[in-house]
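Dear colleague,

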Amino acid sequence: MTDPGEGRRHPQLRSPTYAVRAPLARWLREEADLAAGSQRRPRLLDVGCGAKPYEPFFAGAVTEYVGVDVANPAAELEGTVEEIPMPDESFELVLCTQTLEHALDPARAVRELRRVVAPGGRVLVSTHGVQVYHPNPDDYWRWTHAGLERLFRENASWSAVTVTPASGTTACIGMLVANFIDLLAKRAHARPLAMPLVAAVNLTARAIDGASPRLREPGPGTIFANYHVVAQP
Ligand SMILES: C[S@@+](CC[C@H](N)C(=O)[O-])C[C@H]1O[C@@H](n2cnc3c(N)ncnc32)[C@H](O)[C@@H]1O
């Protein structure tokens with residue numbers, strides 16, 4: 001049986017979501033290494049866990065890996081990010097990847113993520129700046145770096161919140177172009193033909209962003225596909 005998380009952990013350049021998934025996998029591998037090096041191994045709660053694609057990164061780094069999701073057989077617990085079925089301060093690591101945009105009430109979600117994280121712990125969230133509509137079961141929100149930071153700071157008390165664009169402005173534009181190429185190819189039943197083209201778009205975008213910090217760092221005129229948030233109680 002194929003592992004549904006494989007494409008998330010090792011995204012291919014030919015994937016239209018490469019600009020989102022490659023930096024996300026890199027970041028979570030780094031976070032898993034950090035957890036593995038900590039004095040006391042953390043318990044991890046994955047909220048909106050889907051198929052728990054990142055669980056293998058954390059194997060050996062955490063003492064427990066618990067998934068929460070709405071009606072999902074891969075999850076240990078059924079619940080929402082707005083009402084997490086876990087006690088206060090019960091996990092040192094709280095992961096919530098590509099789920100906040102699907103939450104009806106993101107402010108309440110942030111309060112819940114803060115409630116369940118233990119003192120000294122970390123909340124790790126990723127969510128979109130720009131993305132096509134992708135209901136799961138619905139799709140409500142997009143953010144700027146400033147809006148996402150404000151959402152976290154206004155709804156809970158944190159000692160630190162950092163919001164980092166996952167990839168650059170060209171990667172974001174490239175992702176939209178790649179999505180469009182993929183869509184056209186699907187309609188023409190010629191998806192394999194689109195793959196080298198998508199890979200070329202992703203490779204070129206990565207090279208252009210790599211050459212210019214102004215395309216990678218938040219500022220007027222920039223646009224980002226995805227953000228990584230680290231929030232510490
Ligand atoms: C795009 S998938 C992301 C899955 C996984 N976290 C990942 O990064 O691959 C969004 C997930 O959020 C779940 N979801 C949607 N609304 C939710 C909510 N209000 N609370 C918790 N999970 C939710 C969906 O069931 C789905 O598993």
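The largest pocket is the space taken by the ligand, where a pocket is an open set of points on a 1 Å grid over the protein atoms alone, with protein on both sides within 12 Å along at least five of seven lines, and a molecule sits in it if more than half of its atoms lie within 2 Å of its grid points. This is a predicted model, in which local features need pLDDT of at least 70 and side-chain atom pairs count only at pLDDT 80 or more, while totals for chains, interfaces and linings use all residues. Residues are numbered from 1 along each chain as its sequence is written, and side-chain values use heavy atoms, with hydrogens and water left out.

Around the ligand there are 18 residues, the closest being Gly 48, Asp 69, Val 81, Glu 82 and Thr 97 (a residue counts if one of its heavy atoms lies within 4 Å). By class, this shell holds six nonpolar, eight polar and four charged residues, with Gly counted as polar.

Oxygen atoms of the ligand make polar contacts (pairs of N or O atoms within 3.5 Å): a polar side-chain atom of Asp 69 lies at 2.6 Å, one of Thr 99 at 3.3 Å, and a polar backbone atom of Gly 50 at 3.5 Å. The protein covers 91% of the 590 Å² of accessible area that the ligand has on its own (Shrake-Rupley method, 1.4 Å probe).

As for the cysteines, the whole structure has zero disulfides (pairs of cysteine sulfur atoms within 2.5 Å). For Cys 96, the nearest cysteine sulfur, that of Cys 49, is 10 Å away.

Best regards

Definitions and conventions: Polar contact = N/O pair within 3.5 Å; in protein donor to acceptor, adjacent residues only side chain to side chain. 1 Å grid on protein atoms, 1.4 Å probe; cavity = no way out; pocket = protein on both sides within 12 Å on 5 of 7 lines; lining within 4 Å.
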